[in-house]
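Hi,

Here is the structure I promised to pass on. Have a look at it first, and then read my notes below.

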Amino acid sequence: FFDSCCLLRILHLDIMASGSSRVMRAVRVHEFGDASSLRVEDIPIPEPRPGQVLVKNSFAGLNFIDTYHRSGLYPRERPFVLGTEGGGVIAKLGPDVPAELGLREGDPVVYFAPNSYAEYTAVEASSVVKVPAGVEVRLATAVLLQGMTAHYLARSTFPLKAGDWCVVHSAAGGTGQLLLQIAKLVGAKVIATTSTPEKGKLAVELGADVAVR
């Protein structure tokens with residue numbers, strides 16, 4: 001499941017290591033445009049501010065919103081490091097990180113925050129999620145944003161319960177597959193919409209009660 005729908009949307013960052021202890025490689029945007037506007041550059045490693053941690057990234061999530069930032073549809077101050085989702089290990093704790101968060105150097109974590117297309121990212125400590133033992137960081141990174149989206153739809157926007165019926169659009173996509181499975185876990189009935197018979201078959205295999213096109 002994860003290999004088929006999520007791992008295609010993460011960037012393995014260990015392959016672009018800079019080899020320096022003071023600078024890092026990062027993918028930056030200086031001018032809005034298409035993919036040709038992306039530049040791999042050496043820039044200083046950020047220093048975590050109070051309440052932040054420095055994450056040594058192994059993976060960055062590739063999300064459609066990244067194209068909005070790159071093109072300028074959602075403008076950011078330039079130049080900027082692309083990306084909003086990443087995973088790796090805590091390399092350094094900044095000052096005043098709350099002890100109750102239980103974070104330590106070396107902890108595997110994932111996060112949803114800007115500047116993830118880089119070897120290192122400074123992230124608010126309250127925004128990182130420790131990866132549980134037995135879960136690979138690459139899987140946790142791949143599922144984070146889509147998983148949060150599916151969770152709030154099924155558990156906050158409308159808390160599904162046993163016997164409820166719901167329609168999951170694009171049920172064979174990453175978010176759709178997760179939403180479908182969360183709905184089934186709580187006992188809801190699922191009508192899955194897909195664009196092809198093959199995707200409909202996948203939705204049924206994941207538990208959909210009905211698949212339509």
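A residue counts as exposed when its relative accessible area is over 50%, as buried when that area is under 20%, and as partly exposed in between. Please keep in mind that this is a predicted model.

With that cut-off, Phe64 is exposed, because its relative accessible area is 62%. Tyr68 comes out at 27%, so Tyr68 is partly exposed. Phe64 and Tyr68 are 4 residues apart in helix α2, which means about one helical turn lies between them. Their ring centres are 5.4 Å apart with the planes at 80 degrees, so this is an edge-to-face pair. Together with Tyr74, Phe64 and Tyr68 make up one aromatic cluster.

What about the buried residues of α2? In this helix, which covers residues 64–71, Asp66, His69 and Arg70 are buried. They sit on the same side of α2, because the arc they cover around the axis is only 100 degrees. The buried residues of α2 pack against β2 (23–29), β3 (38–44), β4 (52–61) and β5 (80–81).

Phe32 is in the loop between β2 and β3 and Phe80 is in strand β5, so the pair ties together parts that are 48 residues apart in sequence. Phe80 is buried at 4% relative accessible area, while Phe32 is partly exposed at 28%.

Cheers

Notes
Residues numbered from 1 in each chain as written. Predicted model: local features only at pLDDT ≥ 70, side-chain atom pairs only at ≥ 80, totals over all residues. Heavy atoms only, no water. Buried < 20%, exposed > 50% of the residue type's maximum accessible area, 1.4 Å probe, protein only. Helix = DSSP H or I, 4+ residues; strand = E, 2+ residues; numbered from the N terminus. Arc of directions from axis to C-beta. Contact = heavy atoms within 4.5 Å. Phe/Tyr/Trp six-rings, centres within 6.5 Å; stacked < 30°, edge-to-face > 60°.
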